[in-house]
Amino acid sequence: MSNTEIQTGEQPPGGAFRDMPIKRKLMVIVMATTTAALIVAGAGVVWFDSLVFRDYLQRDLSVLGRIIADASAAALAFDDPKTAAETLAALQARTHLRSACIYRIEGPLFASYARSGEAVKCPQAAPADRVRWTPDELMVARTIRLQDRELGTLAFFYDLDEIGRRRNSYSAIVLCVLVASGFLAFLLSSRLRAVIATPIAQLVNATSAVSRTKDYSIRARKLSADELGVLADAVNDMLAGIQSRDRELREALADREQALNDARNARDSLATTLASIGDAVISTDAEGRILFLNPVAESLMRWPAAEAVGKPIEDVFRIVNEYTRETVESPVRRVLREGAIVGLANSTMLLARDGTEIPIDDSGAPIRDRDGTILGTVLVFRDVTARRRAEETSHLLAAIVESSDEAIISANLNGIVMSWNRGAERIFGYSAEEMIGRSISVMAPPGRVDEMIAILARIRSGERIEELQTLRRARHGGLVNVSLTVSPLRDASGAVVGVSKIARDITERVRSAERLALLNADLQRSNQRLASSNEDLERFAFIASHDLQEPLRMITTYSQLLARNYPDALDGNAGMCVRNIMESAQRMRELIADLLAYTEITARQDEPVEAVDLNGVVEKAMQNLKASIDETGAVVTCDPLPSLTAREAHFLPLFQNLIGNAIKYRGEQPPRIHISARDVEGQLQFSVKDNGIGIDPQYHERIFVAFKRLHGKKIPGTGIGLAICQRVLERYGGRIWVESQVGEGATFLFTLPDMAAQKARRA
Ligand code: ADP
């Protein structure tokens, strides 16, 4: 607000006077006024006196001139200059009359007078004018007449010193008056200035006290009813006005301060609320530019507030439809357009800054001022991943519960049913409507109510009951065999609030179990019979092959004798028959020997075991196979092998069969056979690898069956070798298999449990 100055009257003089205290100003004014008045008055008096005196002097000299002219007329008429001079001498009394001159009518000086001590200063001729003023002299001339006849002229020359003296005297008087009146004025104004200065000083004191202390209750004292009194009233009114304005201002300020504090508190508490709530919050201006986002919004969108603020909402809050992948219009835009609260469809997906997709649930609302104008919007959203997962899980669980064949029932601790699934309907015949709210005890068969009470008591103590097989009564009155698993249901604090029961109908299982038990008993009996007949058979095979050896040797011996001793008696056919008998007997011998070896493995269970060095076993096998090794040029290499606690009689045929086969089923190249052993997952794994003809994978299992051969009579053999190997390994808890492709050689692998395991098994 600009200040207004009211211009009243003339401007005060400038300079030092303007800044003088009013007291002194008044004094100066009074003194100056008085002095000026006195000076003017004095000057007037002196001037007026000088005028009056001059007039008087002129008239006095005129009268004196008339008298002297009259007195000297006779002397002139009679041409008596002496008398005339005597007449003029009478003028001595007039001290200021310098000279007096009488001229004849014709013009020459007739008589003259000069003040004593001074020379006559008469002009040569009579002055032409009657009166003449010069600064220091007055000349007055008179015509001398005698009875209207002009005889001559009289001239006085009067010095004006008197006038100067008079002026000086008057000036001295005026000065005295001036000093006296000045002193008087000073005295009077000293007394009287208080009349004006005191009220003004009062006003000044009051206003400066107010301006110093800002205490607007101070009032100026009214000392008179004049303009100063009016001024004092005006100042007091003004102060009263200021005081009330000040009070109002203070009150307004206090109100404003309070409002500001309230607003600040509200803002702080809002900020704390926004920072601590679990929902993300964004506010925008009316253009949809981001003004604020809380920490949850920052972390969900991966946008720091410092970067997001000021950006259009679409740049930061990007949302798409989860299924169509189309961009969804920002709720902020809808709020700004429609001016109403809007929510989002369920399938909204937030695309965070780093590309993460977060399912959200959100709503937007307008922010309005008091007039209802929209100032901006507030957008609230939350990550619903967990909720969705929980809903899905709960739907899934409900579906599982509903679709379960088992009865899933929940009840409170008093046994009142709270939920009842389809499985329960199916097993017990009661519908959910019939059972919910009813006591579970309706299903207790006679004599089993106590069991139910006991189960509830155990559940109350937090126990869980598993697989309790019992009986329950169904709706139609029949009994159902059930297997019950009963668990306590707990609330969030962990307190047991109910019971969940899973009942499986095991009526059929019970019946099957009963049937199975009967069948098992039958089976066991059959097994026992089978085992004993198997043993008989093995024993028979062993004895038969053992006993068959002797007659077979006899056949061979006699056939050889026949062929050797009677070569001529045997013609072509008979000779061929004898050779066939010898060959068949030889083959039968081999078969029986192998069969014997095969049966021996299981037949002599009780024979003692010993430490067997497998390196030595391989060495022996190679000795046995020396002929064929030499014949074929086979090269057999062997890594160091471990020792076993076993029977050499088992491992010798094992290695001999595998090495022998590798030589027998060789390819074009001389056989290369490598034997190795290593530890695989706690087991000893051996391998016998050759470069022979290989085996089609379809026969990999069949070759271990006794008498199963792949190469007919082309390559000699009984088909029992690998069956013996398998039997040996079965006996020691191991297994054997082959890895091979046709034409790529074969690797026979077999495992044995480690020694500790072997010992344990034997024990
Ligand atoms: P045999 O060798 O007496 O015929 P085996 O039981 O030892 O009987 O072998 C069964 C069959 O497995 C053999 O007939 C042969 O066809 C095949 N076989 C065994 N070892 C090898 C091998 N190293 N390479 C190729 N074939 C093999």
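Modeller: A polar contact is a pair of N or O atoms within 3.5 Å; within protein, one must be able to donate a hydrogen and the other to accept it, and residues adjacent in sequence count only if both atoms are side-chain atoms. The model here is predicted, so local features need pLDDT of at least 70 and side-chain atom pairs 80 or more, while totals for chains, interfaces and linings use all residues. Residues are numbered from 1 along each chain as its sequence is written, and side-chain values use heavy atoms, leaving out hydrogens and water.

Colleague: Which ligand atoms face D690 and H711?

Modeller: For D690, a nitrogen atom, 3.0 Å from a polar side-chain atom. For H711, an oxygen atom, 2.7 Å from a side-chain N or O. Both pairs pass the same rule. The protein covers 99% of the 520 Å² of accessible area that the ligand has on its own (Shrake-Rupley, 1.4 Å probe).

Colleague: Which residues come nearest to the ligand?

Modeller: N661, Y665, R709, H711 and T718, out of 19 around it. To be near, a residue needs one heavy atom within 4 Å.

Colleague: Why is the pair of E402 and R422 called a salt bridge?

Modeller: The rule asks for a side-chain nitrogen of Lys or Arg within 4 Å of a carboxyl oxygen of Asp or Glu. The closest N and O atoms of E402 and R422 are 3.8 Å apart, so the pair qualifies. E402 sits in helix α9 (385-403) and R422 in helix α10 (422-428), 20 residues apart, linking distant parts of the chain. The count of salt bridges by this rule is 39.

Colleague: How do you know that β15 and β16 pair?

Modeller: Pairing takes at least two DSSP bridges. β15 and β16 (479-490) have 7, so they pair, and they run antiparallel. L471 has N481 in β16 as its bridge partner. Strands are DSSP runs of E, at least two residues, and helices runs of H or I, at least four, numbered from the N terminus.

Colleague: What makes β14 and β15 edge strands?

Modeller: β14 (417-420) and β15 (465-473) each pair on one side only. Their open sheet has 5 antiparallel strands, ordered β14-β13-β17-β16-β15. Neighbouring strands are turned by 30 degrees on average, direction ignored.

Colleague: Which strands does helix α12 lie across?

Modeller: Helix α12 (449-460) lies across β13 (407-412), β15, β16 and β17 (496-505). Contact means heavy atoms within 4.5 Å. The helix runs at about 150 degrees to β15. Axes are lines fitted to C-alpha atoms, for helices over the stretch in contact, with angles from 0 to 180 degrees between N-to-C directions.

Colleague: What joins β12 to β6 and to β11?

Modeller: Antiparallel bridges: 6 between β6 (280-285) and β12 (374-383), and 9 between β11 (357-368) and β12. V281 partners V380, while R368 stands opposite I374. The hairpin of β11 and β12 has 5 residues between the strands, and G372 takes a positive phi near 90 degrees there.
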